[in-house]
Amino acid sequence: MFKCLISTLMLLSASGFLVLDVKRTSSKNLHLNLFDKLFEEEGMLGKGITVGKVQVALMSSDRSDSSIFGLLEDCATDTGNEPEELSRMANDVCLALMRKSDSWVAACSTGKWFKGDDAGKAESYYNELANAEAMKFEKEYIPDDNDDENKGSSTIVVVSMIIEIQGDSTKFDGAGYSIAQTKEILASIASDVLVDDGYCVNAVEVLWTPGEKDEVMSKNDMFLDFPELIDI
């Protein structure tokens, strides 16, 4: 199985993804740390830092420019290194997924809050989530503008977004339980990443699979490699 990864600032692309990675601020654990929040400084999106992951699986009938493949590759190739560009890329990916909601087959999400003194723990957790997804793939692939168009076969596509964002207002829990809840989470991320011209975003990675034009993922493959996904 192959993957594509959208990348950002401080491009960390290896053998083939675009990795959006802009590291900046602080963080600690959500549910057990309500007391800690009393002493946190309030930012534009609330207190501390939230690290989260949202995954959406959808059916794509082809690999054309208007398919989810084409939209994701556009997001990858058109993104620069400025915070405004990187946050806009994350926003565009969320909007692209929401526009394809009729094709969704499964989704899931998770999030964890960190207080301001725990920036290192927040970054470590972000890296843990990103590495866990990267290990599922045999090859990393960066879209090439010079590739000949190959519409390929119908396939399931799994899109993963891992994000570290300042504050505690961004919603991550509930994707997969219903289409409405999944849209709510994507809408929350899409809105929050644009706050403060994108400087509220500390790090983002966007990955999708399959990445090769002749590769096809079945529903069995999807649940084998992404058992956390919930049927919508």
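1. Helices and strands in this note are DSSP runs, numbered from the N terminus; a helix (H or I) has at least four residues and a strand (E) at least two. By these terms, Asp 197 is found in the loop between H5 and E8. The model under review is predicted, and the remarks below should be read accordingly.

2. Confidence across the model. The protein has an average pLDDT of 80, and 76% of the residues score at least 70. Helix H5 has the highest confidence, with a mean of 97, whereas strand E6 (residues 139–141) has the lowest, with a mean of 41.

3. The setting of helix H2. Of the ten residues in H2 (residues 68–77), seven are buried, so the helix is largely enclosed by the rest of the structure. Those buried residues are Ile 68, Phe 69, Gly 70, Leu 72, Glu 73, Cys 75 and Ala 76.

4. The packing of H2 and H3. The axes of H2 and helix H3 (residues 83–99) come within 10 Å and cross at roughly 170°. Angles over 145 degrees count as roughly antiparallel, and the two helices are therefore roughly antiparallel to each other. On the H2 side the contact is made by Ile 68, Leu 71, Leu 72 and Cys 75, and on the H3 side by Met 89, Asp 92, Val 93, Ala 96 and Leu 97. Sorted by class, this contact has eight nonpolar residues, one charged residue and no polar residues.

5. The largest nonpolar core. This core has 35 residues, of which Val 93, Val 159, Met 161 and Ile 189 touch the most other members. At least two residues of the core are supplied by each of strand E4 (49–60), H2, H3, strand E5 (104–114), strand E7 (155–166), helix H5 (179–192) and strand E8 (201–209). H3 gives the largest share, namely seven residues. In soluble globular proteins, nonpolar side chains tend to be buried together.

6. Val 159 and the second core. Apart from neighbours within four places in sequence, Val 159 is in contact with Val 54, Gln 55, Val 56, Leu 58, Leu 72, Val 93, Leu 97, Val 206, Leu 207 and Trp 208. A second core, separate and made of eleven residues, includes Phe 114, Tyr 125, Leu 129 and Ile 162.

7. Asp 196 is placed in the loop between H5 and E8. Although Asp 196 is not a glycine, its phi is positive, at about 55°. Asp 197 likewise has a positive phi of about 55° without being a glycine. Are these residues buried or exposed? Asp 196 is partly exposed, with a relative accessible area of 39%, while Asp 197 is exposed, at 51%; the cut-off for exposed is over 50%.

8. A cis peptide bond. Thr 209 and Pro 210 are joined by a cis peptide bond with an omega of about 5°. Pro 210 lies in the loop between E8 and helix H6 (219–225).

9. Ser 101. This residue lies in the loop between H3 and E5. Buried means under 20% relative accessible area, so Ser 101, at 10%, counts as buried. The C-alpha atoms of Ser 101 and Met 59 are separated by 9.9 Å, with the two residues 42 residues apart along the chain.

Conventions: Residues numbered from 1 in each chain as written. Heavy atoms only, no water. Buried < 20%, exposed > 50% of the residue type's maximum accessible area, 1.4 Å probe, protein only. Axes fitted to C-alpha atoms, helices over the stretch in contact; angles between N-to-C directions. Parallel < 35°, antiparallel > 145°, perpendicular 65-115°, else oblique. Contact = heavy atoms within 4.5 Å. Nonpolar A, V, L, I, M, F, W, Y, C, P; charged D, E, K, R; others polar. Core = buried A, V, L, I, M, F, W, Y, C linked by side-chain atoms within 4.5 Å. pLDDT = per-residue confidence, 0-100.
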